[in-house]
Amino acid sequence: MTDKAITERECVYKNIFGEPEIANHELMPFDPHVDIYIYSPETSQRPFYTIATLGLSNERMPNSQNNELKRIELILYAKEPKKIYIDLLRYLSHIPHDQQTFFTPGGTMTNGVPPQPVFDESELNCFVFLFPIISPDDSLDSKLVINGDPVSFLWPVAISKQECDLVRENRVEDLLELFEKNQHPYLIEEKRKSYL
């Protein structure tokens, strides 16, 4: 990836979120190199912390040739910027390249086999990947293109195994209807009860 593309991505992030409060740099020489940026409510003019990867889109996701999304970054929203959220994004960001796979909107993933709680004493042990519901995060693809590939944010949402099964056995829209019915928060709630 060229220095020009990296600079362009950083400028797009700055225009969306402002200056990061924290830049958590990856120390190991992984490929792609993924940093985690944290934006405070005061900086981004939004009443929550935004935690986003910066670098996952350096490379196309493996085996994504027929997938609409080839380059992504991950994003979370939280009341406070805990280390566990940084670690979570860093863990998820390396899965596509380490396991030669790709993330897609509406796709699910268990947190290990068998599924383990994402957070301590939590019922949430799986993930569903969604487009962000917050603007302008949902329109990154219109602002950032790398080597002809639009870059999109995906929002990994921790869910229960029952909710994951609902998506796998039916459609992601069924889970979204469940989210709407229960007024699902966009901020991380580690101890959220399963809706099923």
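Strand β2 (residues 35-39) and strand β3 run antiparallel and are joined by five bridges, where strands are DSSP runs of E of at least two residues, helices are runs of H or I of at least four, both numbered from the N terminus, and two strands pair if DSSP finds at least two bridges between them. The model is predicted, so that local features need pLDDT of at least 70 and side-chain atom pairs count only at pLDDT 80 or more, whereas totals for chains, interfaces and linings use all residues. Residues are numbered from 1 along each chain as its sequence is written, and side-chain values use heavy atoms, with hydrogens and water left out.

Strand β3 (residues 49-54) is mostly covered, six of its six residues being buried, that is, under 20% relative accessible area with a 1.4 Å probe and protein chains only. Burial extends to both faces, with Y49, I51 and T53 on one side and T50, A52 and L54 on the other.

Turning to the linings, helix α5 (residues 172-181) gives three residues to that of the largest pocket, the largest share. This lining comprises eight nonpolar, two polar and no charged residues, with Ala, Val, Leu, Ile, Met, Phe, Trp, Tyr, Cys and Pro counted as nonpolar, Asp, Glu, Lys and Arg as charged, and the others, Gly among them, as polar. In the second largest pocket, the largest share of the lining, three residues, comes from β5.

Methods: Buried < 20%, exposed > 50% of the residue type's maximum accessible area, 1.4 Å probe, protein only.
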